[in-house]
Structure formats: structure tokens, C-alpha cells
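I opened this model to look up a handful of residues and the ligand site, and I am keeping my notes in the order in which I checked them.

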Amino acid sequence: MATNRTFTMIKPDAVRNGHIGNILQMINAAGFRIIAMKYTNISLAQAKKFYEVHAARPFYGELTEFMSSGPIVAAILEKDNAVADFRTLIGATNPAEAAEGTIRKRYATSLGENAVHGSDSDENAVIEGDFFFSGLERF
Ligand code: CMP
């Protein structure tokens, strides 16, 4: 069953480059409601756990080191058709292929450092949101 929630992270590159405010503004303007949000820094072990599904990929080491290299903003977002609509808002994984006006087109620098994460399915949105947030942290 489709849910109306997705999970996102503003990644360390976008945080370092000062884009938190602009990215949150784009998320709000696109009609997403923030259910939960935190500014935090995950350890290498936590990044490995979060991205476990990619463990066999050649970029797993690079990805997990990058994601634990500095603070991130994690959030659960709500909107009708949240997973698909958020993936449209952020654009293609590789910013070179991202459409004009998308978050990655504006703020991502490379395939590895691509500014934002967005869940790829309703099921993963739940798993990823539960990784970061307790019930008491959702509003
Ligand atoms: P994300 O949506 O967070 O989920 C997995 C991430 O792996 C993806 O964003 C990319 O940033 C990253 N990724 C995918 N392919 C590559 C690659 N070939 N090299 C480095 N990172 C990659």
C-alpha cells in the first residue's frame, strides 16, 4: 500500500556548502510537511548500517565515509505520493543527468556527493525513518 511519507537527508556536501536553508525552502515550496527533523552526524558504523543494501557495491566504502564525514539533516516528510514526488523534486542520482530546477541540479556536485537522499520506496521510507526517529520525535 502506498504511504504518504518519505525520508530524506541533506548530505554533508550540501551542509558544508551552506545549502540547508535553500533546500528546506524548496521542500516546503513543493508542499511537503515536516513530520520529524534533526541535525546530526552519523558514525561510519551507522552509515554502513544505513546503506547496508549497497554493501556489495564498489562505491560502498566511499559512500559510507562521505556520509559520516560531517553533519547531515535527516527528516521525515509527508505529502500525497511522497516517495515519487520527492524523487522528482530532487532529480536524478547523478547531478549531470538531473532536470533543471531540481535540488540536485542546483546543489549537487557529483554522483557521490549529490546533496540529498530520498527514499526509493514506501517500504524503505519506513525503514529509513525508523533508523533516525523514535515515535516521540514525530509531529
Ligand atoms: P542515495 O540516493 O543516497 O543512495 C545511494 C547513494 O550511493 C546514492 O545516493 C549516490 O550518492 C551513491 N552512489 C551511487 N552510485 C555511485 C557511484 N558510482 N559512485 C559513488 N557513489 C554512488
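**Ground rules.** I am working with a predicted model, in which local features need pLDDT of at least 70 and side-chain atom pairs count only at pLDDT 80 or more, while totals for chains, interfaces and linings use all residues. Residues are numbered from 1 along each chain as its sequence is written, and side-chain values use heavy atoms, with hydrogens and water left out.

**Ligand site.** The residues around the ligand include Lys11, Tyr51, His54, Phe59, Glu62, Leu63, Thr93 and Arg104, and the list continues with Leu111, Gly112, Asn114 and His117. I then looked for polar contacts, meaning pairs of N or O atoms within 3.5 Å; within protein, one atom must be able to donate a hydrogen and the other to accept it, and residues adjacent in sequence count only if both atoms are side-chain atoms. A polar side-chain atom of Lys11 is 2.7 Å from a ligand oxygen atom, and for Tyr51 I noted 2.8 Å between a polar side-chain atom and an oxygen atom of the ligand. In the side chain of His117, an N or O atom lies 2.9 Å from an oxygen atom of the ligand. Taken alone the ligand exposes 460 Å², of which the protein buries 80%; such areas come from the Shrake-Rupley method with a 1.4 Å probe, and for residues only the protein chains shown count as cover.

Which pocket holds the ligand? The ligand sits in the largest pocket. A pocket here is an open set of points, on a 1 Å grid over the protein atoms alone, with protein on both sides within 12 Å along at least five of seven lines, and a molecule sits in a pocket if more than half of its atoms lie within 2 Å of its grid points.

I next turned to His54, one of the residues around the ligand, and found it in the loop between α3 (44–50) and α4 (60–67); helices (H or I, at least four residues) and strands (E, at least two) are DSSP runs, numbered from the N terminus. His54 counts as partly exposed because its relative accessibility is 22%, where buried means under 20% relative accessible area, exposed over 50%, and partly exposed in between (1.4 Å probe, protein chains only). Not counting residues up to four places away in sequence, His54 touches Phe59, Tyr60 and Leu63, contact meaning heavy atoms within 4.5 Å. Arg57 is also in the loop between α3 and α4 and is partly exposed, with a relative accessible area of 43%. From Arg57 to Arg16, 41 residues apart along the chain, I recorded a C-alpha separation of 26 Å.

**Thr6.** Is Thr6 buried or exposed? With a relative accessibility of 1%, Thr6 counts as buried, and its place is in strand β1 (residues 5–10). Beyond four places in sequence, the contacts of Thr6 include Ala75, Ile76, Leu77, Phe86 and Ser119.

Met26 belongs to helix α2 (residues 20–29) and is buried at 9% relative accessible area. The C-alpha atoms of Met26 and Ile103 are 7.6 Å apart, although 77 residues separate them in sequence. Among the residues that Met26 touches are Leu89, Thr102 and Tyr107. Thr102, in the loop between α5 and α6, is buried as well, at 5%. A polar atom of the Thr102 side chain lies 3.2 Å from the backbone nitrogen of Lys105.

**Positive phi.** I checked phi last, since most residues other than glycine have a negative phi. Asn81, in the loop between β3 (72–78) and α5 (82–90), has a positive phi near 60° and is partly exposed at 48% relative accessibility. Ala115 likewise has a positive phi, of about 70°; Ala115 is in the loop between α6 (103–107) and β4 (116–118), and counts as buried at 0% relative accessibility.

Note on methods
Near = heavy atom within 4 Å. 1 Å grid on protein atoms, 1.4 Å probe; cavity = no way out; pocket = protein on both sides within 12 Å on 5 of 7 lines; lining within 4 Å.
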